[in-house]
Amino acid sequence: LNDEGARILGVNVADSVGGKVGELLDSSPRLVEVLENCEEFHDQEKRIGDSIVLATSVPIVVGEEVIGTVLSFRDRTEFIRLAEEWTGIHRFFELLRAQAHEFKNKLHTISGLIQLGQSDEAVEFIVESYDKHLSLLQALQHRIKDPVMCALLLGKESRALELGIDYSVSARSFLEYLPKGISSGDMVIILGNLIENALEAVSGLEIRKVEVEVREDEGFVEIRIKNSGQPISDTIGRQMYERGISTKGEHRGIGLSLVREKIEMAGGKISYENLPTGGVEFVVILTAAERRI
């Protein structure tokens, strides 16, 4: 046990020598099992106490015999920072692309109205488009305090407009602090994938609606993503969180597995329901962060 390992585990090296590894890792029985079975894996997210680390396990082989395992783990904080920087840039370009496409369509509409001599209608269209976007922006800034989440929800509006989908964020939505064990980057993965799946689920349908709600209550954060798409069969429902399982073709089926991994890592849960009135609703429950003074 080296100093960095002891720091992450919250123990003293000298006091730990001679002790049982299982006692050090009692909060992570899966890691104890890995050590006992001498399993090999690299850079997997694991929970140790209240911390999430990137763990690597490499068996020690002498001759042809496995005599033990080297288990190493690194604090995930730095990786989160780099991932959030990359994700932020990626989402920024995605937002710009969607907004450029939306802007071009609106310019074509305004140009057509002017050519038809419908100048009053053109002005009305401009004002209506501006007011709707500004209204959502102001509402989100007031209710969703995390800027990354706010930008994501706003960016998905442009994406929905591009696809001709009726997209809305519930007026009940409110989030002051990110859930416990969840970073802005994690929330982009969870919320971004669930919304994108909802948009894809209604594309091409006659009724295309997606509604998002993110609500912070006493002790928990609840995310609801509702779409007007087709119901999910029991067979797909049992498999859709597995990596590589998708109804959208090859090289898909990654998003929901990542969503499930992030949620379970934070001790949360995800479920879905085929609504009796039509459509599907996904519900995510996460532990709320402790209030900051």
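Biologist: Where in this predicted model is the place of Ile 60?
Modeller: Ile 60 belongs to a nonpolar patch on the surface, together with residues including Val 58 and Val 62. Two strands, E2 (51-62) and E3 (65-75), each supply at least two residues of that patch. The place of Ile 60 is in strand E2.

Biologist: Is Ile 60 buried, partly exposed or exposed?
Modeller: Buried means under 20% relative accessible area, and exposed means over 50%. Ile 60 has a relative accessible area of 32%, so Ile 60 is partly exposed.

Biologist: Which strand gives the largest share of the nonpolar patch?
Modeller: The patch is formed by Val 58, Ile 60, Val 62, Ile 67 and Val 70, with about 390 Å² of accessible area together. Strand E2 covers 51-62 and strand E3 covers 65-75. The largest share, 3 residues, comes from E2.

Biologist: Which element gives the most to the lining of the second largest pocket?
Modeller: About 390 Å³ of space lies in this pocket. The elements that give two or more residues to its lining are helix H1 (3-9), helix H3 (21-24) and E3. With 5 residues, the most comes from E3.

Biologist: How many charged residues does the lining of the second largest pocket have?
Modeller: The lining has 18 residues, and Leu 1, Asn 2, Leu 9, Leu 71 and Phe 73 lie nearest the pocket centre. By class, 10 are nonpolar and 7 polar. The number of charged residues is 1.

Biologist: Is Leu 153 buried or exposed?
Modeller: Leu 153 lies in helix H7, residues 147-163. From Leu 153 to Leu 140 is 8.0 Å, C-alpha to C-alpha, and 13 residues in sequence. The relative accessibility of Leu 153 is 0%, and the cut-off is under 20%, so Leu 153 counts as buried.

Biologist: Why does the pair of Lys 156 and Glu 196 tie together parts of the chain, and how many residues apart are they?
Modeller: Side chains of opposite charge can pair when their charged atoms come close. The side chains of Lys 156 and Glu 196 meet in a salt bridge, 2.7 Å from N to O. Lys 156 lies in helix H7 and Glu 196 in helix H8 (residues 184-202), so the parts tied together are apart in sequence by 40 residues.

Biologist: Which residue forms a salt bridge with Asp 186?
Modeller: Asp 186 counts as buried, at 5% relative accessibility. In this salt bridge the closest N and O atoms are 3.4 Å apart. The pair links helix H8 to helix H10, 76 residues apart. The partner is Lys 262.

Biologist: Which residue takes a positive phi just after H10?
Modeller: Helix H10 spans residues 255-265, and its buried residues include Leu 256, Val 259 and Lys 262. Just after H10, a positive phi of about 80° is taken by Gly 267.

Biologist: Which residue forms a salt bridge with Glu 222?
Modeller: Glu 222 is buried, with a relative accessible area of 9%. The closest N and O atoms of the bridge are 3.2 Å apart. Salt bridges that share partners join Arg 172, Glu 213, Arg 215, Asp 217, Glu 222, Arg 224 and Glu 281 into one network. The partner of Glu 222 in the 3.2 Å bridge is Arg 224.

Definitions and conventions. Residues numbered from 1 in each chain as written. Predicted model: local features only at pLDDT ≥ 70, side-chain atom pairs only at ≥ 80, totals over all residues. Heavy atoms only, no water. Patch = residues over 30% accessible without salt bridge, like charges linked within 9 Å, V, L, I, M, F, W, Y side chains within 5 Å. Areas by Shrake-Rupley, 256 points an atom, 1.4 Å probe, with all protein chains shown as cover. Salt bridge = Lys/Arg side-chain N within 4 Å of Asp/Glu carboxyl O. Helix = DSSP H or I, 4+ residues; strand = E, 2+ residues; numbered from the N terminus. Buried < 20%, exposed > 50% of the residue type's maximum accessible area, 1.4 Å probe, protein only. 1 Å grid on protein atoms, 1.4 Å probe; cavity = no way out; pocket = protein on both sides within 12 Å on 5 of 7 lines; lining within 4 Å. Points joined across faces, edges and corners; volume = space filled by probe spheres on them. Nonpolar A, V, L, I, M, F, W, Y, C, P; charged D, E, K, R; others polar.
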